[in-house]
Amino acid sequence: MGTKCSRRGSLALTLNIVAFTCALSAVTTSFWCEGTRKVVKPFCTGPVTTRQAYCIRFNSSNINDSRLVQYIWESGEEKFLMRKFHTGIFFSCEQAADMNGFNCRDFKDIAPDHEKGVLWLCITAECLYLILLFTGGVLMWLELCPCLSVMNKLKLNAFAAMLTALSGLLGMVAHMMFTTAFQLAVAMGPEDWRPKTWDYSWSYILAWGSFATCMASAVTALNRYTKTIVEFKYKRRNIEKNLRIKQKLLEMDLPEQMWDMYLTAVPARGEGNAGPLDLPVNGHKPSTGAAYVMGLDSMTEPQGEAYC
């Protein structure tokens with residue numbers, strides 16, 4: 001039983017670590033959405049000896065000579081260029097004019113002014129998501145420490161499950177807020193940024209994968225807590241039932257032979273069932289010659305084998 005409990009706790013902690021790693025990777029990268037922008041090619045500068053696909057070339061390299069008639073060879077769709085871009089919570093990056101490298105700028109400068117509050121709420125919720133998820137993981141790690149008592153472990157398990165579930169809800173809200181902010185930026189953002197085509201990218205998938213793993217960790221921890229409480233209540237009901245039976249037997253003033261039959265018929269405690277507690281009742285105890293001792297911790301907290 002103890003091995004199963006340890007495995008369940010280790011599983012919850014492992015899921016928490018995976019969720020935190022995915023969430024941190026998603027927040028710190030700028031590949032939530034990616035796509036292309038249709039822009040007009042810039043004019044080629046300097047002497048142009050070969051045709052360049054990313055700029056518009058004149059029929060003469062001397063573009064400053066007003067006496068020459070300049071002809072542009074590109075026409076129709078050849079005058080436009082499809083630049084790739086990718087966007088995250090903090091940055092939006094677009095291919096440079098020469099198609100080498102990316103130029104980045106803050107995403108808050110792209111979002112419409114009247115919708116920047118949604119973006120700030122998204123950033124705040126993502127930070128709280130990471131903090132609560134990390135705190136839940138620390139509590140799960142402390143719970144596995146063998147130096148703590150069973151009741152303290154149970155309390156840590158309850159707090160860890162609650163914080164992990166709360167962090168998952170905040171993460172879900174934050175992801176939905178970013179989706180709203182990005183779609184508003186696509187519809188009402190600056191003209192020099194609006195994409196022609198776009199779709200969600202791997203950072204967005206990591207973010208929702210982190211949410212799913214986070215909720216799985218919370219469910220695992222909560223299942224462990226609930227199972228422990230149910231087993232504890234079941235054993236306590238058995239103890240109370242045995243106490244009521246013993247009370248009735250004592251009130252009947254049965255002879256010693258009947259007590260011997262009762263003690264022999266009831267399974268010994270620790271064999272899977274909660275055996276009777278031999279307690280003094282009404283100031284006296286049966287004359288069997290045996291010592292009757294009751295551990296106070298058995299009535300106040302679950303046993304070690306029941307904690308899983």
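Predicted model: local features only at pLDDT ≥ 70, side-chain atom pairs only at ≥ 80, totals over all residues.
Reader: Which helix does Phe-134 lie in?
Author: Residues are numbered from 1 along each chain as its sequence is written, and side-chain values use heavy atoms, leaving out hydrogens and water. Helices are DSSP runs (H or I, at least four residues) and strands are too (E, at least two), numbered from the N terminus. The run covering residues 116-143 holds Phe-134, and that is helix α2.

Reader: Is Phe-134 buried, partly exposed or exposed?
Author: Buried means under 20% relative accessible area, exposed means over 50%, and partly exposed is in between (1.4 Å probe, protein chains only). Phe-134 has 49% relative accessibility, so the residue counts as partly exposed.

Reader: How many salt bridges does a search of the whole structure find?
Author: Side chains of opposite charge can pair when their charged atoms come close. A salt bridge here is a side-chain nitrogen of Lys or Arg within 4 Å of a carboxyl oxygen of Asp or Glu. The search finds six.

Reader: Which strands does the salt bridge between Glu-94 and Arg-83 tie together?
Author: In this salt bridge, the closest N and O atoms are 3.8 Å apart. The pair ties together parts eleven residues apart in sequence, because Glu-94 lies in strand β3 (residues 91-95) and Arg-83 in strand β2 (residues 80-87). Glu-94 is buried at 12% relative accessibility, and Arg-83 is buried at 14%. The strands are β3 and β2.
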